[in-house]
Structure formats: C-alpha cells, structure tokens
Amino acid sequence: MSKKSKKKTSITISVTAALILVIAAIILDSRFRLVTTEYELLCRDLPSAFDGYRVVQLSDLHGAEFGESNIRLLKKVEEATPDIIALTGDFISAAADVEHLRPFLKELVKLAPVYFVSGNHDWASGSIDKLAALLDELGIVYLRNDYVTLSRGGESIILAGVEDPNGWAGMPKPDRVADTIRAEYPNSFVLLLAHRNYWVERYPDLDVDLILCGHGHGGIVRLPVLGGLIGTNFNLLPEFDSGLYSGTHYEMLVSRGLGNSILIPRFLNNGEIVVAVLRCE
C-alpha cells in the first residue's frame, strides 16, 4: 500500500471513530440527561385564584431510572415547585416495573398531590391491577374516566382523566366523560389528563380547556428544524410529537416523555419534565 493510500485509510478510520464517539455521546446524553420545559399557558375561563398554578407533568417513564430510585428525576420535579404532579401513562412496561416504581413514587407524593392516568404499555404489561393497588397504597389518585375538583383561594377547576384505549371494552368514551363533567360544571375550567397524543385528530371538538398527554416520545430521534423523525408506530415524521397544539376548544400539550419502549434509542431527545404554568387570559 502506498504512503498516500495509508494516509487516506488512517484519516478515514479516525473520522469514522470520531463520528461513532459523537453519536454514542449523543445517545448517552439523550438517555441520561433530563431537561425541564416550562410553558406559560393563557387560559380562558381560568379562575383568578389559579393564576400561576404549576402542573408538573411526567410521562412515558417505561421503567427507566435516573439515578438510584430516580433521585435525579425527583430533584428536577422538586425544583419545578409543583402545585400538582400529573403522570400521563406508560410508567411500566413489564410486571417487574411495578415494585421498581415504589421508592420513586413514595418520595414523589411528598412533593405535591399526584394524579395518574394509564397508558397502553401499563395495560399491555398485564400488571395494571398491581400498579393501581400501588398507586392507591401511596395516595396517588388514579383517574379512570372520571374527575375531581381542585380548590384554591375559594375557587375551583376540574381535573379529569381518561383511561387508555387499551383498557377494558365498554369504557365510556372521552366525549362522554366531557359531557358528564359539563352537565354538572358547565362553566368550569377543565384540565384533562390523557396518555395518547391524537386528540386534535380524534376529538377536535372535545369540550375541555387543556389536555396534557404523552405517548409520542418526542419522535424518538429528533432532528433540527424537522423535529421528531420516528413515531412509536415507526411512522416517519409523526404529528403531535412535542409541544403545544390547538383543537377547536382546547390546547393540547404533548410531553416528549422520559423513557423508551422500542430498540431505537432516543437521539437528540432528552427525557423531559413538562411544567404547565396556568395563566388567566
């Protein structure tokens, strides 16, 4: 081999090795470094007592761990000073994840009231009943196509939650849940927790004010300008992968989530803690 060929080969090997190291570093960063994204949301019909109300949303953990017993995740949530914490599904992918969650959730409830809605993997794990029992034991409210009233300064809003469609057949549909709420609270601000991110497509006229959801994992691989590249169903350039979207009546805030459920690693896509700060319009 000539000196010129040897030099060219050496350069190729060096560039390839450097590229592999950069890609590996990005993958590791995406897997282990957490980011917090805060949205200030102008909300029509929000009572003045709730101006500045902070909802911290966690989604799609999939059994991932950020430090022992998720200590780094707990610290990030604490720093976000939540009024409530919303867990929007897919916290387990297997039966073993239920007890794995216990230490984390036990500490999480000390920070603020916690509310949970199910995701498709929570049901697919076959351990939804064990998860529900753990949530109940720890004082976490599992919203199963129902709602609660949140009070502050003598005023109130409605917090609702719908089960994932992977749940039991015959469950009430989201529009029925919304109709039930509106029959009793026709003028109240309604915050809906859900797992899947297809609401603008499936239920554009749903009579709620704000939806918090996840499911899309931020498109798993994120690219500058383009955003999410791969949907959780392996569709290219998925819609509603991250951020704020508008339906006819409501706004929909989609979390990029924390963990992963497929073999393709998250890339340029750090685990995300979402903070929704409610503001009076």
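This is a predicted model: local features need pLDDT of at least 70, side-chain atom pairs count only at pLDDT 80 or more; totals for chains, interfaces and linings use all residues.
1. Is strand β9 (residues 210-213) covered or open on its faces? Both faces are covered: Leu210 and Leu212 are buried on one side, and Ile211 and Cys213 are buried on the other.

2. Six strands form an open sheet in the order β6-β7-β8-β9-β13-β12, and the pairing is mixed. At its edges lie β6 (146-152) and β12 (243-246), each of which pairs on one side only. From one strand to the next, the twist averages 20°.

3. Helix α6 (residues 174-184) lies across β6, β7 (155-161) and β8. Relative to β6, helix α6 runs at about 45°.

4. Please also look at strand β14 (residues 271-280), where eight of the ten residues are buried, leaving the strand mostly covered. Which way does strand β1 (residues 34-43) run relative to β14? The two run parallel and are joined by ten bridges; leucine 42, for instance, has arginine 279 in β14 as its bridge partner.

5. Strand β2 (residues 53-58) also pairs with β14, but here the strands run antiparallel, with five bridges between them. To locate this pairing by eye, find valine 55, which has alanine 276 of β14 opposite it.

6. Finally, a helix pair. Helix α3 (residues 97-108) packs against helix α5 (residues 128-138) with the axes 10 Å apart and an angle of about 20° between them. That angle is under 35 degrees, so α3 and α5 count as roughly parallel to each other. The crossing of α3 past α5 is right-handed. From α3, the contact uses Val98, Leu101, Arg102, Leu105 and Lys106, while α5 brings Lys130, Leu131, Leu134, Leu135, Glu137 and Leu138. Sorted by class, this contact of α3 with α5 has seven nonpolar and four charged residues, and no polar ones.

Conventions:
Residues are numbered from 1 along each chain as its sequence is written. Side-chain values use heavy atoms; hydrogens and water are left out. Buried means under 20% relative accessible area, exposed over 50%, partly exposed in between (1.4 Å probe, protein chains only). Helices (H or I, at least four residues) and strands (E, at least two) are DSSP runs, numbered from the N terminus. Two strands pair if DSSP finds at least two bridges between them. Axes are lines fitted to C-alpha atoms, for helices over the stretch in contact, and angles run from 0 to 180 degrees between N-to-C directions. Angles under 35 degrees count as roughly parallel, over 145 as roughly antiparallel, 65 to 115 as roughly perpendicular and the rest as oblique. A crossing is left-handed if the near helix is turned anticlockwise from the far one by less than a right angle, and right-handed if clockwise. Contact means heavy atoms within 4.5 Å. Ala, Val, Leu, Ile, Met, Phe, Trp, Tyr, Cys and Pro count as nonpolar, Asp, Glu, Lys and Arg as charged, and the others, Gly among them, as polar.
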